[in-house]
Amino acid sequence: MSTIRVVHYLNQFFSGIGAEEHAGLGPAKKLGVVGPGIALQQALGEGAQIVATVYCGDNYANEQANAIDAILALVSEERPDILIAGPAFASGRYGLACGELCVRAQDRLGIVAVTGMHPDNPGVDLYRTKVHIARTRESAAGMSDAMKVMAQLALKLYARVPLGTPQEERYIPTGRRVHFVAEQSAALRAVDMLVKKMSGQPYATEWPVPSYSQVEPAPPVQDLAHAKIALVTTGGVVPRGNPDRLESAYASKWLKYPIGELNDLKPSDWQSIHGGFDTTNVNEDPNRMAPLDALRELEREGAFQDLADELYTTTGNTAAIPTARRFAQEMLQELRANDVQGVILTSA
Amino acid sequence: MRLEVGTFQIRAIEFGARTGVAGGTLVVDKDEVRRLVLGDSHFADVQVHLVRPGENVRIINAKDAVEPRWKVSGPGGVFPGFVSAPTTVGEGRTHRLGGVAVLEVAEPVPGEQTHFREQILDMSGPGAEFSPFAQTLNVALEFTPNPSLFPSASVDAKDVLGGTNEAEDYNRATTLACLKVAAYLARATADQTPDHVETFELTPCAPVLPRVACLYHTQANYLYGMKIALPFGTLVHPNEVFDGALVGWRQAYRSTYWDQNNQAMRELYQAHGKSVNFVGCVLFYDLTPEREQKERVSSAAGKLARLLGAQGALLLGINGSNYAIDTMLAIQECEKLGIKTTLIYLDVGYGPDDPGFVHAAPEADAIVCIGSRDRKITLPPTAKVIGGQRLASSDADPRGELTVNQRDIHTACSTQGFTRQTTRFF
Amino acid sequence: MAKELEAAGMPVAYVTTLDGLARSVGAPRIVRGKAITNVAGDPNLRPSDEKALRKEIVNKALKALTTPVKKSTAFD
């Protein structure tokens, strides 16, 4: 059997070029292993060889158009069987580059691609359903461990050996579901699990509850009396008749409607088209979802200076995190442009 | 409370002049069944179908399923609050016809809540692997409502969330009719000796065994004939559930049959005295979406478990609606009280981005998954359809090939513990 | 969405009935709403009382916006 060809991707820091001041470095390549690639090569063993290391600055990879394609071209030249990117640990820009590069390597080169990140890395939410991401620690202290997990994942995927669960194989859940008929009934499995849990024996849930990354909270509004506040809702509140056809679930867009002249949301003019709950109460009085009347009163009373002139609205969907993230980024630009200092976000 | 359940194992079912059980065959007197049902003025007609495993038959608009049972001795009667007085059951001897189900089949009536009502039962083919009632000999009662009950069709039959009083009343009548027929069929065995007898009694246990309760998040069913929310929960003995105190699952995600044979409770009985001390059941549910109410009902559920002295709780949960919050809050409450929990639960995720929970508590760290609500299953065309001309939530021809969700198949998304369908998350 | 805006430096008072969910997701500033079908109201109240309830909820949201937080915090 011929040796499996592996390309390793690193950022400017881990390739030894330098720290943040070199983040603008363009894509480049060296033959063989570089830096942490030594540990990766050890983990891969003799059957697979790192033939080249491709690297790029994090800023360049995230900001330059076609950067990822240029990196991919360098990878492709090596005719690899496997691409291993990172690990990026908790580094956001590095994680995003690794995720996107792996997706394109899978899609366009048709090769196995694996990366590694800490669960809080923003690349996780974006790429966990598309590429296998080894679960790593926050920093390079977890390097050798991460290399072992990534190597194992890559070799198994390459050999088409079915992967175990994310807990067993230490990757971040991809959301992929496999249905089958178990040997025992749900009831029997549940009683067994309960007995184990009560007696302190190890047990494994069949379905882990999601864990979410933590963010650094924003600083508070300093001077509320002189601040502009915006009202945002995910409760599907739209002008009656839903002229812009906002979806009742899994919205693909967010909308804004002028409310600068309004003191409240009249049921004759507004409604909720949310498909996830009984909208009768909101349609009787849309302020029950988007509390414009109360905000106007408090504005008049001087609790805050000004309410933004537009209502920002979409249909809530906590499930599709990448979409929610995009909405937030797009809204943020508008909010900033309108000097908004704080947001009241209502949802079902 | 000691309950003996005597089983008459039924291997064949046929129509005949006189209802009775002999040599593993159930003979059904069709005319008598019709008389029993049509004594109630809610119905203009009823068709009685015998449907067997492996037949090329599709039943649509199926609702509840009930196992034929009759109370032979002991206090109370079978299906208390419907067929007999609403007094406490769970003791004495009850006969059952093993392997038989009475199916409630009825098209939606005007004003009926039809949200997620689709319940299809294929007796053969790929759909049969998902419904437990593809393995039972079924007496399907297909009801035709009395038209004078619904003089105008002014109320749209689709997606009425609450359901009108007339529709509620009619639905209670179809439930009652099934229970009457189920009791009537099993009554034929009253003087006969069952093939075997199982005894259910929560005998005293060694004090070292951990005390375990079954926490059952119920929904819109009848308890001793009364349809009532349980905002502060209630305590029941599992034998009461086996004896038909809890009936009438209208949406057929769950079924009465699987409370009469509730697998979670049966497995806890199996483990009783060996690895656990099964101390009883807590039923809880509330129907409002208000936060305070959710806190009230879940807190009360945890409290009742504590009053039972439970150290562990097996939860039968609800997912896919705001009730999911109540299930999760109940888990949080139990764990806060030091009661260890496991949960039997349905995945309601729409795709890989969706973790499958309406609400998830980190304390819910021991879940048994019964499959995915929106898993797609393709049913091939069928030779015969029972239950009307139209599906509840699709305009497709019910005779043709149908691609449905697991939730559309009768009792395929039940957390009553019997299923072996499961999903792993990678 | 609340998290993303907060991470970018925009404080968000997230008014929701699913406050437990919001907390496990890690939204920083959470205000508990009344019900899923009427997060900022209550059809069972007289209109004047309902308005007062709504103002109270919005006031809590304003308080949340002006309060420094380090982790997911519910405002009551």
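This is a predicted model: local features need pLDDT of at least 70, side-chain atom pairs count only at pLDDT 80 or more; totals for chains, interfaces and linings use all residues.
Biologist: How many helices and strands does chain C have?

Modeller: Chain C has three helices and three strands. Read from the N terminus, the order of the elements is α-β-α-β-α-β.

Biologist: And how much of chain C counts as buried?

Modeller: Of its 76 residues, 62% count as buried. If you take the contacts in chain C between residues at least 6 apart in sequence, 43% of them join residues at least 24 apart.

Biologist: How many residues of chain C are in contact with chain B?

Modeller: Ten residues of chain C are in contact with ten residues of chain B. On the chain C side, the largest share is three residues, from helix 2 (residues 19-25) of chain C. That side divides into four nonpolar, four polar and two charged residues.

Biologist: New topic: A:Pro291. Where does A:Pro291 lie?

Modeller: A:Pro291 is in the loop between helix 9 (280-284) and helix 10 (292-300) of chain A.

Biologist: Is A:Pro291 buried or exposed?

Modeller: A:Pro291 counts as buried, because it has 30 C-beta neighbours inside 10 Å, and the cut-off for buried is 20 or more.

Biologist: Which residues is A:Pro291 in contact with, leaving aside neighbours within four places in sequence?

Modeller: A:Pro291 is in contact with A:Thr346, and with C:Ala40, C:Arg54, C:Ile57 and C:Val58 in chain C.

Biologist: OK, on to helix 8 of chain A. What should its 14 residues span?

Modeller: At 1.5 Å a residue, helix 8 (residues 186-199) of chain A should span 20 Å, and its end C-alpha atoms are 20 Å apart, so the two agree.

Biologist: Is that helix mostly covered or mostly uncovered?

Modeller: Helix 8 of chain A is mostly covered, with ten of its 14 residues buried. Among them are A:Leu188, A:Arg189, A:Met193 and A:Met198.

Biologist: What do those buried residues pack against?

Modeller: They pack against elements of chain B: strand 14 (211-217), helix 5 (263-271), strand 20 (312-316), strand 21 (340-347) and strand 22 (367-372). Just after helix 8 of chain A comes A:Gly200, with a positive phi of about 80 degrees.

Biologist: Now the open sheet in chain A. What order do its six strands have?

Modeller: The order is 2-3-1-4-5-6, with mixed pairing. Strand 2 (28-31) and strand 6 (132-135) of chain A stand at the edges with a single partner strand each, so one side of each has no neighbour in the sheet. Neighbouring strands are turned by 25 degrees against each other on average, direction ignored.

Biologist: How do strand 5 and strand 6 of chain A run?

Modeller: Strand 5 (residues 112-117) and strand 6 of chain A run parallel, joined by four bridges. A:Met117 stands opposite A:Arg135 in strand 6 of chain A.

Biologist: Last one: which strands does helix 6 of chain A lie across?

Modeller: Helix 6 (residues 143-158) of chain A lies across strand 1, strand 3, strand 4, strand 5 and strand 6 of chain A, at about 155 degrees to strand 5 of chain A.

Technical notes. Residues are numbered from 1 along each chain as its sequence is written. Chains are lettered from A and ligands numbered from 1 in the order in which they are written. Two residues are in contact if their C-beta atoms, placed from the backbone, lie within 7 Å. Helices (H or I, at least four residues) and strands (E, at least two) are DSSP runs, numbered from the N terminus. Ala, Val, Leu, Ile, Met, Phe, Trp, Tyr, Cys and Pro count as nonpolar, Asp, Glu, Lys and Arg as charged, and the others, Gly among them, as polar. A residue is buried if 20 or more other C-beta atoms lie within 10 Å of its own, exposed if 12 or fewer, and partly exposed in between; C-beta atoms are placed from the backbone. The expected span of a helix is 1.5 Å times one less than its number of residues. Two strands pair if DSSP finds at least two bridges between them. Axes are lines fitted to C-alpha atoms, for helices over the stretch in contact, and angles run from 0 to 180 degrees between N-to-C directions.
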